[in-house]
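Have the sequence and the coordinates open as you read.

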Amino acid sequence: MQIDLRTVSIKQQRNTFDHLARRFGDKPASRYQEGSYDIQATENLHYRPTWDPDQLIYDASITKIVMADWYALKDPRQYFYNNYTLARARQQETAEANFSFVESRGLADMLPDELKQIALDVLVPLRHAAWGANMNNSFISGYGYAAIFTQACMFHAMDNLGIAQYLSRLGLLLGDQEALTEGKTAWLDDEAWQPMRRYIEDCLVVRDPFELFVAQNVALDGLLYPLVYERIVDGYLSAKGASAVAMLCQFMNDWFDETRKWVDAVMKVAAAESEHNRAILQEWTEKWSGRAAAAMLPVVRKALGADADEVVGEEVAAFKARLKKVGVDI
Amino acid sequence: MDMQVAKKKLSLKEKYKLLTRDLGWDTTYHTKDEVFPYVQYEGIKIHDWDKWEDPFRLTMDSYWKYQAEKERKFYAIIDAHAQNNGHLNITDARYLSALKIFLQAISPGEYAAGKGFARMGREFPGVGTQVACQMQSIDEIRHAQTQIHALSNYNKFYNGFHAFADARDRMWYCTLPRSFFDDALSSGPFEFMIAIGFSFEYVLTNLLFVPFMSGAAYNGDMATVTFGFSAQSDEARHMTLGLECIKFMLEQDPANLPIVQGWIDKWFWRGFRLLGVVGTMMDYMLPKRVMSWREAWNIYGVENGGALFRDLARYGIRPPKGWDDAEKGIDHMSHQFMLALYQYNFGTAFHSWIPSEDEMEWLSKKYPETFDKYYRPRWAHLSKLKAAGTPFANMGLAKLCQTCQIPTVFTEPDDPTSICQRETEYKGEKYHFCSDGCQHIFENEPEKYIQAWLPMQQLFQAPINGDLGAWMNWVSLIPGKDNGDFDGSEDERNFAAWRQQATSNQ
Amino acid sequence: MSTVFIALQANEDTRPIIDAIVQDNPTATVNRQPAMVKIDVPGSMTIKRETIEEHIGRAYDLQELQINLITLSGNVDEDEDSFTLRWNS
Ligand SMILES: [Fe+2]
Ligand SMILES: [Fe+2]
Ligand SMILES: [Zn+2]
C-alpha cells in the first residue's frame with residue numbers, strides 16, 4: 001500500500017545534533033555544518049602512532065600555530081564533498097569544451113611557433129610543481145587538525161592533481177609526448193627550473209602542516225598563479241595572439257580566483273587568534289615568499305625576458321598588499 | 001599550411017600513465033628517505049614502485065564527472081525522503097536501532113579512514129599508489145558526510161541519534177570500532193593498507209553494505225539504501241586498491257610474506273570482531289529480513305573470502321589464523337551479542353528488545369543447530385522476567401577484551417556453553433581477552449595495546465566516580481529516551497501515532 | 001573453481017548493462033535482491049563495451065560502470081574495450 005505521507009504534519013523532536021546545537025544554538029544546521037564540525041575524534045585516543053610515538057593520532061601540537069578551536073578555520077565557500085564535487089564537475093565540463101574547441105579547430109597548429117614554444121617551456125614543467133602541491137596538500141590534510149580545515153586541504157590536493165593533468169593535456173595537445181619528455185628534462189636539469197624544484201623538494205620535508213600551508217598555498221601559489229596565468233598566459237601570450245593557450249588554462253585562472261578566498265580566510269582567522277600566531281605567520285610568509293619570488297624569476301624570464309624583474313616586483317607588491325589585508329604584514 | 005597529422009589516440013593505460021604516473025620524479029635536493037620517512041620501519045621491502053598496477057585508471061576529470069553524478073542522485077533522493085516524511089515508510093521503528101548504531105559507530109570510522117588515506121596519499125613513494133589513496137581519502141570524507149546527511153532527518157524525529165559525536169569518543173560500545181580505526185591509524189603505512197584496504201574494505205564492507213543495505217531497502221528505508229549503495233560504489237574501487245596493495249607487497253620481495261601474513265592474521269580477527277555488530281543488526285534489527293548473518297557470511301565470507309585466499313595462495317599466503325574459530329562462531333555471535341546488548345540496554349543510545357515469537361521462528365530456521373538449543377531458552381527466560389515486571393538488567397561491570405574492547409560475552413569455539421576468557425600478564429599487570437585471536441594480537445605488540453582506553457575503568461574515575469547518572473550525562477545519553485527496551489519507548493509511541501495519523505483520515 | 005561477481009544497483013540504467021553482461025558470459029547466474037542485482041560467474045567475467053553499446057544504443061565508456069556499481073570480487077583488469085574480473089585459482 002502506498003500512503004501519501006507528505007500530508008502528515010508531525011512534530012519534530014529536535015532541530016539538530018547536540019554538538020551543532022552547542023556551537024550554533026538550537027536551530028536547523030546546514031549540510032556544511034553537519035558534515036564538517038566535530039567529526040574528527042578528539043578524546044580517548046587509544047594508541048600512539050608507531051611511526052612517531054611523540055605524536056597523538058590527531059595532534060594539534062605538531063604545528064607551531066595554536067588555536068583554541070581549530071574549527072574556527074571555516075571555509076568561506078562552505079565546501080563539503082557534495083558542493084565541492086559539483087562545482088568541479090561543472091568547471092571540468094567547461095575545460096573539456098575548451099580543449100575540444102581548440103583541438104577541433106586546429107588552433108594549436110595555428111599558434112606561431114615562438115609563442116607555442118614559450119607556452120610549452122613555461123607551462124609543461126609546472127605539471128611537476130602541481131604534483132608537488134598535491135603531495136603537500138595531502139600532507140596538510142593528513143596531519144592537520146580538524147575536519148573543517150583538513151577536508152578543504154584534501155579538495156585542494158585533488159585540484160592540484162587536476163591542474164597537473166590539465167597541464168599534461170596541454171603539453172600533449174601542443175607538442176605531443178615529446179613535449180612532456182622535454183618538460184620533465186627541463187624540470188630536472190634546466191638551470192632556470194632548479195630554484196623552483198628545490199623549493200618544492202624543500203616543502204616535501206616540512207612536517208609542520210601549517211608551515212607547509214603557508215609555503216605552498218600562500219607563498220608559492222600566491223605568486224605563481226598571478227605571474228604565470230595572469231601575466232604570462234592572459235597578458236603576454238593572449239596579446240600576441242595565442243589566446244588558445246588562455247582557453248586551455250581557464251580552469252587554473254578560475255581556480256586561483258576561487259581558492260585564494262579560502263586561503264585568505266584561513267590566514268586571517270589564524271593570525272587574528274593571537275600575536276603568537278601572527279608573528280609565526282609573518283615569519284613563515286616572509287621566508288617562503290622571498291624564496292618563491294626568486295624561484296619564479298627565471299621562469300618568468302623565459303616568457304618576458306628583461307621585463308621579468310619588473311613584473312615579478314609588481315606581483316610581489318600585490319602579494320604583500322593581499323597579505324596585509326588578512327593581518328600578515330611582511 | 002601543412003595538413004595537421006592526426007594525433008594517435010592514446011589508450012586508457014597510456015593516457016593514465018602520462019597524466020598520473022609521469023608526474024613524479026626522483027628528488028635530488030633531499031633523499032628519498034627524507035621525503036618518505038615512514039616506508040622503511042615496518043620492514044616491507046619495495047624494489048620498484050613502478051611495478052604498481054592501477055586497476056581503475058581514473059583521472060580527475062572522470063573522477064569529478066562520475067562522482068558528481070552519484071552525488072546528484074543521492075541528494076535528490078534524501079531531499080525527497082525528508083520532504084515526504086519518508087521515515088514513516090520504514091517497516092517498524094525497531095529498525096532505527098540499526099541506523100543509530102551505524103551513525104555512532106561506523107560513520108566516524110569513515111572519517112578516520114579518510115584521514116589515514118590522506119596520510120598514505122603522501123607517505124607512499126609511488127604516484128599510482130598515492131593517487132589511489134588520495135581518491136580514497138576524499139571518498140571516505142564523502143561517506144561520513146552522506147551518512148550524517150541521510151540520518152540527519154531521522155535525528156529530527158527519533159531519539160538516540162543526537163549525540164553521535166559524543167558517543168564516538170566516550171560510549172563504551174563505540175570504542176570497539178574506534179579502537180579498530182585508531183589501531184590502523186597508529187600503524188605504519190603498509191600495515192594501514194592491510195587494515196583498511198584489505199580487512200575493512202575487502203572482507204568487511206561487503207558484509208556491512210551489501211546484504212545490510214539490501215535489507216534497508218526491504219524495510220522501506222530509501223535514504224539508507226541510497227547512502228549504502230552510493231558509498232559501496234566507491235568501496236569497489238577501495239577493495240581493489242586493497243587487493244592490489246597486498247599483491248604488490250608479495251610480488252616485490254619474498255621476505256615480505258611473513259610480515260604480510262602476520263598482518264592478515266591480525267586484521268582478519270580485528271575485522272571479524274567488528275563484524276559481530278553487523279551480524280546482530282542483520283539477524284535482530286531488520287524487521288523484515290533478507291538473509292541471515294550466516295547466509296551473508298557464506299556468500300561474502302566463505303565463498304568470496306575463500307576465493308581470495310585461494311588466489312593469494314600462489315604467493316604462499318594461507319587463510320588467516322582465526323579463520324576456523326570465526327567459522328565456529330558464526331552461528332552464535334549475533335545471538336550472544338544481542339543478548340548482551342539487551343542486558344546492558346540501560347547504557348546504550350539505542351533500543352533493544354526480546355525478539356517476537358515470529359522472529360524466533362525465523363532465527364531457529366536460520367540457525368537450526370544453535371538457536372533452539374542455546375538461545376531460545378535464554379530469550380524465554382528474559383521474557384518471563386519481563387512479564388513478571390522484573391526485567392533483567394546486568395548492572396555488573398563487564399570485563400572488556402583489552403584488544404577488541406568487546407565485553408567477554410563470546411563462548412569457547414568448541415564449547416558454546418562456556419564463556420571464552422583469556423589472560424596475559426605483562427609487566428606485572430593482568431590483561432583480559434575474549435579469544436585466542438585477541439590474545440595473540442596483544443602478545444605481538446603489548447606496548448601498543450596496554451595503551452588502550454577502557455571505558456569501564458573510566459566509569460570509576462573523575463568526573464564520574466562510579467555514578468551512573470553522571471556517566472549518562474557525560475556520554476550525552478538521555479535516560480528514558482535514548483536507552484532501554486524498545487517496548488514502551490518514545491520512539492515506539494511516536495512512530496505508531498504518526499503512522500496512524502498517516503493511514504487514517506484523522 | 002572460484003566465483004567472481006559484480007553487483008549493480010537495480011534501476012533503468014543497469015537493465016541493459018545486465019543483459020549485456022549475461023550475453024557475454026553464458027555461465028552467469030543472476031541474483032535479484034532488493035534494490036540490487038548480483039551476477040556470479042565461475043572463474044572469470046568479461047564485460048564488453050561493444051555489447052553494452054548494442055544494448056543501450058549509444059556510445060558507452062566502461063568507467064560509467066562506477067555510477068551504478070555496488071561491489072565486485074576478483075582481480076580487476078580494465079581497458080577501454082573491456083572490464084574483466086578474474087580469480088587465478
Ligand atoms: Fe567508506
Ligand atoms: Fe572505503
Ligand atoms: Zn577481543
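## Ground rules

Helices here are DSSP runs of H or I with at least four residues, strands are runs of E with at least two, and both are numbered from the N terminus. This is a predicted model, so local features need pLDDT of at least 70 and side-chain atom pairs count only at pLDDT 80 or more, while totals for chains, interfaces and linings use all residues. Residues are numbered from 1 along each chain as its sequence is written, chains are lettered from A and ligands numbered from 1 in the order in which they are written, and side-chain values use heavy atoms, with hydrogens and water left out.

Start with the metals. A donor is an N, O or S atom within 2.8 Å of the metal (3.2 Å for Na, K and Ca), and since water is not among the atoms, sites may look incomplete.

B:E235 and B:H238 are 3 residues apart in helix α9 (residues 222-252) of chain B, so about one helical turn separates them. As for the two irons themselves, they lie 3.2 Å apart, with B:E140 bridging them.

## Where A meets B

Taking contact as heavy atoms within 4.5 Å, 2 pairs of chains touch, and A and B share the most contacts. On this interface, 97 residues of chain A meet 104 residues of chain B. Together the two chains bury about 9,200 Å², with 57% of it on carbon and sulfur atoms; buried area is the accessible area (1.4 Å probe) that two parts lose on being put together, summed over both. A:H46, A:Y47 and A:Y81 account for 10% of what chain A buries against chain B, more than any other three residues.

There are 7 salt bridges between A and B, each one a side-chain nitrogen of Lys or Arg within 4 Å of a carboxyl oxygen of Asp or Glu. One of them pairs B:D166 with A:R22 (2.8 Å, N to O). Of the elements on chain A's side, α7(A) gives the most, with 22 residues. By class, that side has 41 nonpolar, 32 polar and 24 charged residues. Nonpolar here covers Ala, Val, Leu, Ile, Met, Phe, Trp, Tyr, Cys and Pro; Asp, Glu, Lys and Arg are charged, and the others, Gly among them, are polar.

## Where C meets B

Over on the other interface, 33 residues of chain C contact 41 residues of chain B. About 3,100 Å² is buried between them, 55% of it on carbon and sulfur atoms. C:Q63, C:Q66 and C:I67 supply 21% of the area chain C buries against chain B, more than any other three residues.

The salt-bridge count between C and B is 2. B:K13 pairs with C:D77, their closest N and O atoms being 3.8 Å apart. Several elements of chain C each supply at least two residues to the side touching chain B, including β1 (3-9), β3 (36-42) and α3 (65-68), but β5(C) gives the most, with 5 residues. That side divides into 11 nonpolar, 14 polar and 8 charged residues.

Chains A and C have no contact, and their closest C-alpha atoms are 14 Å apart. Over all chains, the whole structure holds 67 salt bridges. One within chain B joins B:D183 and B:K266 (3.4 Å, N to O). It links distant parts of the chain, with B:D183 in helix α7 (residues 175-185) and B:K266 in helix α10 (residues 256-285), 83 residues apart.
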